[in-house]
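The paragraphs below go through a predicted model, from overall figures to single contacts. Please keep the sequence and the structure open while reading.

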Amino acid sequence: MNTVGQIERATQVRVINLFRNRLGYDYLGDRTDRVGNSCIEDESLKRWLDMRGVVDALAKRAIRVLHKAADDTSATLMNRNRSVYELLRYGVKLSPATGEQHETIWLIDWVNPENNHFAIAEEVTVEGARLSDGGKASTKRPDIVLYVNGIALGVLELKRSIVSVSEGIRQNLDNQKREFIQPFFATMQWIMAGNDSEGLRYGTIETPEKYYLRWVEADGEFATEPNLLDRHLLQLCGKTRFLELIHNFIVFDAGVKKVCRQNQYFGVKNSQDFILRREGGIIWHTQGSGKTLTMVWLAKWILENRPDGRVLIVTDRKELDEQVERVFKGVNLAIYRTKSGADLVERLNTSTESLLCSLVHKFGDRAKEKQTNGAEVGEFLQALKKLPPGFRAKGDIHVFVDECHRTQSGDLHKAMKKILPDSIFIGFTGTPLLRDDKKRSIEVFGRYIHTYKFDQAVRE
């Protein structure tokens, strides 16, 4: 008697019960034989919009707009998915009648997660799309699909303990191919595979296998959950966190969709708490842990949630300055790259640009102006000291200092604090100055906001 299927089935039943009983998702049933399974369940979405009081005509139009983005076979999967994401995150802008003001129809209530309808279905049979050569793509059946208001936002492939999670990841990647069920992934945000021995791995559409991530959360409500897979699902798929991860921690970076690692999530979350207290500090994340994207997500939160919020990013290497500009522009955040110290002062004195980056030493003489910490800042400092009459930096400014262990010490720090006395300074570093004779990072910026060390990276 073959027990392999029974073993995997037992895991799937347990996971379904976890979503139902502990996370509060509704169970839509086994959809093996259901015809017409789609990434957008029109009836469910229309029912939710009706409950929200959306006028019938606008609700139907909003669903049509969503379908137009998701069903556009002339576009790549990435472009379709991005169009859908923008509609989900920013709402569907519709005018009730010609000449009338636009209204925003929200397909998801991001502010109040419990106001949404969360549901799961298992064995969701999806028919392959018609191919350009007249043939039909193969039918596939994802193990578990997560729906919010009838929109498929997550998919989970499960394996038994002795079968590698990699097989589930490859299954997800195969399903996204044109010859299988690519259209079903037009709305997908969180793509997962797991088993009881390895736990959960997650990515998003077109994430290569080697970049699938594991969530590591040592504290919190579910940190002591004995089953690793259950622990990860409880930590990632709770209603509030699941929507927060989608809303605040996804970017399309130069044609690549990326989701956050747990160190980026907690670095940003802890920073938000510090900022609300108007307190600065240091984010110490090991090299290669994605500091620039952490800056992107934190800057985006500041610009969207802080009245008159502005962000200035300070670096001390041309490559870093260029990288910051490239990444922010790659995620459609307009950033102004200052041309000199005087230009920075001028820009701070107006409120035109909300997001700026500045290289502290590119106008100085590298050979003559090195300070003991290695930052060439002479001419830059002189510019900062020559303030125009009546100068006052406009807005609520948050200063991110990259590689703060080398950049922000001595005279530079004094000058920046002088022109920005009420600003919040957050230092980012992969290697802070830890010995007794090198405590300057902590002395200048304050306590650690979040730490993510090399040994943690190795264990994960």
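Of the contacts (heavy atoms within 4.5 Å) with a separation of 6 or more, 70% are between residues 24 or more positions apart.

This is a predicted model, in which local features need pLDDT of at least 70 and side-chain atom pairs count only at pLDDT 80 or more, while totals for chains, interfaces and linings use all residues. Residues are numbered from 1 along each chain as its sequence is written, and side-chain values use heavy atoms, with hydrogens and water left out.

The interior comes next. A nonpolar core is a set of buried Ala, Val, Leu, Ile, Met, Phe, Trp, Tyr and Cys residues joined through side-chain atoms within 4.5 Å. The largest has 109 residues, and Phe 19, Phe 184, Phe 328 and Phe 400 have the most contacts inside it. Helix 9 (residues 291–305) gives the most to this core, with 8 residues. A second, separate core of 17 residues includes Tyr 336, Leu 356, Ile 397 and Phe 425.

Helix 10 (residues 318–330) has 13 residues and should span 18 Å at 1.5 Å a residue, which agrees with the 18 Å between its end C-alpha atoms; the expected span is 1.5 Å times one less than the number of residues. Just after helix 10, Asn 332 takes a positive phi of about 65°.

Charged pairs complete the picture. A salt bridge needs a side-chain nitrogen of Lys or Arg within 4 Å of a carboxyl oxygen of Asp or Glu, and the count comes to 29. Arg 31 and Glu 41 form one at 3.5 Å, N to O, and both are buried. Asp 396 pairs with Arg 278 at 3.0 Å. Asp 396 lies in strand 15 and Arg 278 in the loop between helix 8 and strand 11, so the pair ties together parts that are 118 residues apart in sequence. Asp 396 is buried at 14% relative accessible area, whereas Arg 278 is partly exposed at 41%.

Technical notes
Helices (H or I, at least four residues) and strands (E, at least two) are DSSP runs, numbered from the N terminus. Buried means under 20% relative accessible area, exposed over 50%, partly exposed in between (1.4 Å probe, protein chains only).
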